[in-house]
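This report describes a few local features of one protein chain. Please look over the sequence and the model before reading on.

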Amino acid sequence: MPELQSARVPGGVDRLRWRNDAVELVFAIGSDGPVALIGIGPGGHRSMPTPTLDRELWQPLVELSAFGHGRFPGSFRYVDTVIGARLRYRAHTTDGSLLRIEQCDEETGLVVESVFERHDGVSAFRTWTTVTAGTPIVLDVVSTFATGAFLTAAPDVDGFVLASAANDWVAESRWTTKPLRELGLARIDRDVQHQPPRSRLHVANRGSWSSGEHAPTAVLLATNGDYALAWQVEHNGPWGYQLGETRHGAYLLLTGPTDQDNQWSVRLAPGETFTSVPASVAFAAGGVDEVFGALTQQRRATRLVREADRTLPVVFNDYMNTLMGDPTTDRLLPLIDAAADAGADLFCIDAGWYAEGHWWDTVGEWLPAASRFPGGIEEVIGHIRAGGMVAGLWLEPEVIGVRSPLAVASSGRALPDSAFFSRGGIRLAEHGRHLLDLRDPAARAHVVGVFDRLVADYGIGFVKMDDNTMTGPGTDTGGLAPGAGLLEHNRALLDVLDEVQAKHPHLLIESCASGAMRMDQAMLSRLHLQSTSDQQDPVMYATIAAAAPASMLPEQAGNWAYPLAGTSREEMVFALVNGILGRMYLSGYLNRMSQGEVALVREAVVAQKTVLSGIEASAPFWPLGLPGWEDRWVALGLRDERGSWLSVWCRPGASADVVLPLPAYTGRALVVEPGFPADAGGWSWRWDADSAELHVTATEAPTARVLRLIPDAPIPTIEKDLQHDQQY
């Protein structure tokens, strides 16, 4: 099958098909209009929505506005741009995995290149836009991606619902699925009105927390269940997406920062270029499970995986519901022994190790506090290694406290003013911190130097990289719009991470920002692990853990498992189940637990390591749909060719029974066994192959279990040498 085909269709328009066995994109190219993407679907002989030949339904591939060149008609929307409508096809090239489509605007001399990248066997693509100026121009919106092709899967927007996630501190990944009409697309008579609708569904994020209010991932679902389109904007700063109706069709538009939302604009001289933030788009003939399966493959295909990332260590971190930022040698040593005994591979000393007292607004030097470690922090790190574990440290390298010697000029050690975010010549401060501008050589040298020193002096193999300060629109240093300064800083941060990991290939870095306030693929494509929350209540954590693989790879989902000594067995099981179908981020006073409690923790760690043996080949699924924040029953599965793991949580207020649809196993015999704990413990279940439903009955809530689903061949079994006969 040719991977690139051109064909003339009625009306003097060329139809360009770019395809392989997994991807088929169809573009309309005409001399009297801009290029439009009119078909998205799987390649080969699999069915896809038929590309529309109705030119009134075509949405320009690129929307672009600039000072003096806005929209017609004017609105809050990012479509209907004057320059976007003037773009005309000039050329296209491909090397198989990359397709480049070039357009130009004769009036301004702008040249716009749309780039599409794909990977074999993955029903998804990555895309971005590059703009080159012909005459001086100030851009204020550049779309990463725009299309109306999804509308071929339903008669109109009434046939679609949107699955999206609100995000907040300790309330991450709150997914909802609602019709587009309910979300703000007003129904009007478009045949009567002389201009297109003005309403839009607009979701955007601001500042330096890429997921501070919303996850940069969403799914458009046809209500007939035949088609799903998912996207993620891959940027560690501001982004946005819009859905709306056009004169006769509809559009989806993805973008990075804009002037309207983020005070972003950029001035280009002739020959200068600007490249938009990238995004990935996945599609499937099906629903949520199918399209997230495709997006999971895309995340793996675009991630920069090092040999060290393959180790997948079980991490013990001393923070959550334990030391809470107040570590000392005396407190750490017994925890280290208990973590090693439980089977942890890595021990991370969390916040506070660098401070003699109150530390929030004094951070920046990252030197161990002598009062906390009378024998030096080397004694503690040596104890971690003696226990057979890798040592890690918490670090917040992008900020300097307002009372830090590095920020106070009179200290003689202060960084230059150019190293900090500023507006109008005034250094910015938020939450007692200044934000470093990593475009600046001194700021960059400081951050890289901190990583170098901690690795060289202490031999650490893990950094929990936190970011608790959310800046405003950005910095105007250098005469830029604040949003442009922030975008350049965001990109400089990624360069710093690349530099650090090139110098220290065995160093694992966790992405954390007050939990999951920076949960984006730009960071996750580089880093080892993502914190999914700071939530301290294990019952509330269940939906966060269950939803995590919608925003990241399951092998990157760092879910806290913090069993509390003295709680009931079911409460302890619940807390541990949170961490098993992802990356267990273990905490809790294991050193204060009874023998039976410790045995249960050991069993959970073994279950986690068994799951990890196949997690990099797994795809997530949700038998009860994407979890809602208040759901009483919650379920998450991980499926590979050998079978599935299934976590099921029963939260307070739930009925005693639940039915879990498992359509992938329709008509098949299915063995269902306890995964964790290794005994049913009062739970029961029954598989109905004809209806493909698993009927589950639980004990009194809150309670949870991990189940193993084995259709034909067994998946790895949990070790049987655990002391299950001990009384809890």
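Which residue just after α6 takes a positive phi? In this predicted model, Gly 388 does, with a phi of about 80°.

Helix α6 itself spans residues 377-386, and its buried residues include Ile 377, Val 380, Ile 381 and Ile 384. These four lie on the same side of α6, because they cover an arc of only 95° around the axis. Among the elements that cover the buried residues of α6 are α5 (329-342), β22 (346-349), β23 (390-395) and α7 (441-458).

Strand β17 (residues 250-255) contains Thr 255. Thr 255 has a relative accessible area of 2%, so the residue counts as buried. A polar atom of its side chain lies 3.3 Å from the backbone oxygen of Val 142. Residues that Thr 255 touches include Tyr 78, Ser 143, Trp 239 and Val 277.

The count of salt bridges comes to 37. Three of these pairs are listed here.

| Salt bridge | N to O distance |
|---|---|
| Asp 105 and Arg 86 | 2.9 Å |
| Glu 234 and Arg 126 | 2.6 Å |
| Arg 372 and Asp 326 | 2.7 Å |

Asp 105 lies in the loop between β7 and β8 and Arg 86 in helix α1, so their pair ties together parts that are 19 residues apart in sequence. Asp 105 is buried at 2% relative accessible area, whereas Arg 86 is partly exposed at 21%.

Glu 234, in the loop between β15 and β16, and Arg 126, in strand β9, are 108 residues apart in sequence. Glu 234 is buried and Arg 126 partly exposed.

Arg 372 and Asp 326 are 46 residues apart, in two loops. Arg 372 counts as buried, and Asp 326 as partly exposed.

A network of salt bridges links Asp 158, Arg 181, Arg 187 and Glu 245.

Definitions and conventions
Residues numbered from 1 in each chain as written. Predicted model: local features only at pLDDT ≥ 70, side-chain atom pairs only at ≥ 80, totals over all residues. Heavy atoms only, no water. Buried < 20%, exposed > 50% of the residue type's maximum accessible area, 1.4 Å probe, protein only. Arc of directions from axis to C-beta. Contact = heavy atoms within 4.5 Å. Polar contact = N/O pair within 3.5 Å; in protein donor to acceptor, adjacent residues only side chain to side chain. Salt bridge = Lys/Arg side-chain N within 4 Å of Asp/Glu carboxyl O. Lists of a residue's contacts leave out its neighbours within four places in sequence.
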